[in-house]
Amino acid sequence: MLNKILVINGPNLEILGKREINIYGNSTLVEINSNLKFISDKENADIVFYQSNIEGELINIINSKAKNFDALIINPAAYTHTSLALYDSLNNLSILKIEVHISNIYKREEFRHKSLISDIATGGIFGLGGNGYILAIISMQNILKK
């Protein structure tokens, strides 16, 4: 069975590889997505990518498109800590949801330690760089097979 997975990335992730390399590493979002496409093909999953810096656009995608997928991988970036609107949108979504962060938010500034999304996500992967997305796909496939 071909599972459909939506990957949503929030603000500033389009400049990965150029911003705070000591925190986020050298990989660009294009490279991460390319690796995910390769893994998703091996895992028999159909994957679609979306990135926006605009909170309302992320919410519109979740509200209008995500219900057509079996699972969602989301890196809400800075909205993780601030967006009740994103929380409400994700909370209304009844598919498998995995929160991914490239950095370990619990080893950063204290204001980043609280994720509004973690309470409603199926699971979370933090601090493993771009590999976190790959682990999310593999985990989702295992969960969806059961």
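By class, seven nonpolar, five polar and three charged residues make up the lining of the largest pocket, where Ala, Val, Leu, Ile, Met, Phe, Trp, Tyr, Cys and Pro count as nonpolar, Asp, Glu, Lys and Arg as charged, and the others, Gly among them, as polar. The model is a predicted one, in which local features need pLDDT of at least 70 and side-chain atom pairs count only at pLDDT 80 or more, while totals for chains, interfaces and linings use all residues. Residues are numbered from 1 along each chain as its sequence is written, and side-chain values use heavy atoms, with hydrogens and water left out.

The volume of this largest pocket is about 180 Å³. Of the 15 residues that line the largest pocket, Tyr 24, Ala 77, Ala 78, Arg 108 and Arg 112 are the closest to its centre. A pocket here is an open set of points on a 1 Å grid over the protein atoms alone, where a 1.4 Å probe fits, with protein on both sides within 12 Å along at least five of seven lines, and lining residues have an atom within 4 Å of a point. Grid points are joined across faces, edges and corners, and the volume is the space filled by probe spheres set on the points.

Two residues call for attention on account of their backbone angles. Most residues other than glycine have a negative phi. Ala 77, which is not a glycine, has a positive phi of about 55 degrees, and its place is in the loop between β3 (71-75) and α4 (84-91), the helices (H or I, at least four residues) and strands (E, at least two) being DSSP runs numbered from the N terminus. Ala 77 is buried, at a relative accessible area of 14%, where buried means under 20%, exposed over 50% and partly exposed in between, with a 1.4 Å probe and protein chains only. Asn 12 also has a positive phi, near 70 degrees, and it sits in the loop between β1 (3-9) and α1 (21-24); Asn 12 is partly exposed, with a relative accessible area of 35%.

| Residue | Relative accessible area | Class |
|---|---|---|
| Asn 33 | 16% | buried |
| Ala 45 | 4% | buried |
| Ile 137 | 0% | buried |
| Asn 142 | 40% | partly exposed |
| Ile 143 | 41% | partly exposed |

Ile 137 belongs to helix α5 (residues 131-145). Leaving aside neighbours within four places in sequence, Ile 137 is in contact (heavy atoms within 4.5 Å) with Ile 5, Leu 36, Ile 39, Ser 40, Glu 43, Ile 47 and Ile 73.

Ala 45 lies in strand β2 (residues 45-51), and, not counting residues up to four places away in sequence, it touches Leu 2, Asn 3, Ile 5, Ser 40 and Gln 141. The C-alpha atoms of Ala 45 and Asn 92, 47 residues apart along the chain, are separated by 24 Å. Asn 33 is found in helix α2 (residues 29-42), and with its neighbours within four places in sequence left aside, Asn 33 is in contact with Asn 9 and Phe 49.

Ring interactions remain to be described. Lys 4 lies over the face of Phe 69, at 5.0 Å from the ring centre, under the rule that NZ of Lys or CZ of Arg must be within 6 Å of the ring centre and within 35 degrees of the ring normal.
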